[in-house]
Amino acid sequence: MVDAGTDTDLSALIWTPQRSAALDRLERFAPRAGRAYAARRNFDFGPQDRSNVSALSPWIRHRLILEEEVLSSVLQRHSFSAAEKFVQEVFWRGYFKGWLEHRAQVWARYRSDLSDCLEGLDRDPALRDRYEAAVEGRSGIDCFDAWAKELVATGYLHNHTRMWFASIWIFTLHLPWQLGADLFLRHLLDGDPASNTLGWRWVGGLHTRGKTYLARASNIARYTDGRFDPAGQLATAAPALSEPALDAPRSPQFDATPKDIGRFGLLVTEEDGQPETLDLPGRPSALLGLAATAERSPLAVSDVARSFAEAAVGDALSRAAEAFGAEPAHTGDLQPGAEAWGPRLVDWARNRDLSVIVTAAPPVGPIRDSLTTAGPVLADAGITLLTVARRYDRAVWPHAGKGFFQLKAKIPKLLNGLGLSA
Ligand SMILES: Cc1cc2nc3c(=O)[nH]c(=O)nc-3n(C[C@H](O)[C@H](O)[C@H](O)COP(=O)(O)OP(=O)(O)OC[C@H]3O[C@@H](n4cnc5c(N)ncnc54)[C@H](O)[C@@H]3O)c2cc1C
């Protein structure tokens, strides 16, 4: 059993974009992931004290550390029943990713609605004023304004605070949810197309149809430990948002794991920062790292979020270089822009004499979009792109087509199948 560390150890948080930092945080947090987490996880004690939550999401999101590693570490220290709450939270990430795989249309619609909302700001000066006041932390609601500034400064908000923030944005400030989701995605270190888009839709009553989340002053006062009390300032009703019906869901598709393909190059992206444990068809001959953080939004993505993702790719590349003995390609252009991925990949493949590129299967989001755009360019150049999915995604995503509770019921079986039983 490792030393649980003092609260000060766990509070002093700097999100270094390296796997070693993720492992260190996991080692110190895991002893607290049992009943202590279940009892105190909903408190937001402020940015100086993150001792009651894992704060692992920036690393998990970029897969510098894997869900399986986190679950394994926690279940080695706690019984399943003691750690059940934490385990469920980890499964929410795979649930949202899998749900979006079933309905990629939700991501495409969000992107197009967001463009409309941004144009709408140009047509409606009053709306633009309200939007800018919210984004800059000048809404007049103290807690909300503090959180808007914390988001920009740190790239992180506590889960409960994300729920309060989104609820106030939608139901008190009457701003379009897509603009709020965009603000989060541009600033969060863990900015994730699935958890973020679906988190906002969940608050607005679009995920579980008609079921909204209303932020209440008394709840905020209690769970911020009295730091804030917006009594009388918040909406008292949260009528569900509505939207046109969605197409029928489609089951997630996984490529067959490629075998015996000869020489290939490995593309490392911000979606998977652990290339050395991918189920690869051999040892790659060349390595390339690319990111699409800048594609998260038509607006500027924060330096904090962008540099975290870029450094995560760098960390992954150096581990891959060590594991495979292949030199990473030096690229001055880590974020080529969706249209430029095709020419960039063709250029790299030709220079390294490669006809096959392998990469971790990207979930719905900017990396998938960039690779889809690159597809015809690669095909024209005679280059094959193969994707390899992780067994965790293969196991979890197929069960994520409906509500979380359907997946939740399967957690013990899924853990068993992954060899992670307590
Ligand atoms: C409006 C809104 C937007 C969000 N946007 C994002 C986002 O862009 N990226 C992101 O990673 N998470 C997002 N979340 C989910 C959640 O808030 C964060 O994952 C969590 O706060 C991360 O902090 P933690 O690591 O300390 O979590 P812990 O409480 O320690 O939980 C452990 C792990 O479980 C997972 N997890 C916990 N809660 C959730 C959840 N609700 N959904 C999905 N996974 C979860 C995360 O991987 C987390 O690291 C959003 C939630 C809301 C309500």
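Analyst: In this predicted model, β1 gives the most to the lining of the largest cavity, with 4 residues. Helices (H or I, at least four residues) and strands (E, at least two) are DSSP runs, numbered from the N terminus. The elements that give two or more residues to this lining are β1 (265-269) and β3 (356-360).

User: What makes this space a cavity, and which residues line the largest cavity?

Analyst: On a 1 Å grid over the protein atoms alone, a cavity is a set of points where a 1.4 Å probe fits but cannot get out, whereas a pocket is an open set with protein on both sides within 12 Å along at least five of seven lines; a lining residue has an atom within 4 Å of a point. By that rule, Leu266, Leu267, Val268, Thr269, Asp272, Pro275, Leu278, Thr359 and Ala360 line the largest cavity. Its volume is about 50 Å³, and the count comes to 3 cavities of 30 Å³ or more. A volume is the space filled by probe spheres set on the points, with grid points joined across faces, edges and corners.

User: How do you know which lining residues of the largest cavity count as nonpolar, polar or charged?

Analyst: Ala, Val, Leu, Ile, Met, Phe, Trp, Tyr, Cys and Pro count as nonpolar, Asp, Glu, Lys and Arg as charged, and the others, Gly among them, as polar. The lining of the largest cavity therefore divides into 6 nonpolar, 2 polar and 1 charged.

User: Which residues lie closest to the centre of the largest pocket?

Analyst: The largest pocket holds about 1,400 Å³ of space. Of its 47 lining residues, Glu89, Trp92, Phe96, Asn159 and Met163 are the closest to the centre. α6 gives the most to this lining, with 9 residues. By class, the lining has 22 nonpolar, 15 polar and 10 charged residues.

User: Why is the second largest pocket said to lie between domains?

Analyst: Domain bounds come from an automatic or database domain assignment. Domain 1 (7-102 + 396-417) and domain 3 (265-388) both give residues to the lining of the second largest pocket, so this pocket lies between them. About 590 Å³ of space lies in it, and 25 residues line it, with Glu101, Gln253, Pro362, Arg368 and Thr372 nearest its centre. α16 gives the most to that lining, with 5 residues.

User: What are the numbering and confidence conventions?

Analyst: Residues are numbered from 1 along each chain as its sequence is written, and side-chain values use heavy atoms, with hydrogens and water left out. In this predicted model local features need pLDDT of at least 70 and side-chain atom pairs count only at pLDDT 80 or more, while totals for chains, interfaces and linings use all residues.
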